[in-house]
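Reader: I would like to learn how to read a structural model with some care. Could we go through it one feature at a time?

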Amino acid sequence: EESERIERLGRVIATAEYVWDDRGEAKRFLTTPHPAFAGARPIDAARTELGARQVEELLWHIYHGLAA
């Protein structure tokens with residue numbers, strides 16, 4: 001279970017860094033409350049597999065210039 005959690009968070013962090021192309025901006029995005037997650041921080045939403053997939057989906061929407 002712990003290794004799954006680490007892999008999941010690593011995947012979300014890597015995606016955020018790819019999308020923002022800046023480690024600092026990725027960290028800011030992940031640690032700032034977001035309305036898509038009822039005001040929770042994306043990094044907290046990513047604690048579950050479903051939440052991680054939702055964060056990744058939002059990140060890809062941002063990357064592709066879709067409404068986020």
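Reader: How many helices and strands does the protein have?

Author: Helices (H or I, at least four residues) and strands (E, at least two) are DSSP runs, numbered from the N terminus. Here the secondary structure comes to 4 helices and 0 strands, and the pattern along the sequence reads α-α-α-α. This is a predicted model, in which local features need pLDDT of at least 70 and side-chain atom pairs count only at pLDDT 80 or more, while totals for chains, interfaces and linings use all residues. Residues are numbered from 1 along each chain as its sequence is written, and side-chain values use heavy atoms, leaving out hydrogens and water.

Reader: What does the radius of gyration say about the protein?

Author: The radius of gyration is taken over C-alpha atoms, and the globule rule is 2.2 Å times the number of residues to the power 0.38. For 68 residues a compact globule would have a value near 11 Å, and the protein agrees, since its own radius of gyration is 11 Å. Along the principal axes, its C-alpha atoms fill a box of roughly 35 × 25 × 20 Å.

Reader: Is Leu-58 buried or exposed?

Author: Buried means under 20% relative accessible area, exposed over 50%, and partly exposed in between (1.4 Å probe, protein chains only). Leu-58, found in helix H4 (residues 49–63), counts as buried because its relative accessibility is 8%. Of the 68 residues of the protein, 31% count as buried.

Reader: How many residues apart in sequence are Leu-58 and Phe-29?

Author: Leu-58 and Phe-29 are 29 residues apart in sequence, and their C-alpha atoms lie 11 Å apart in space.
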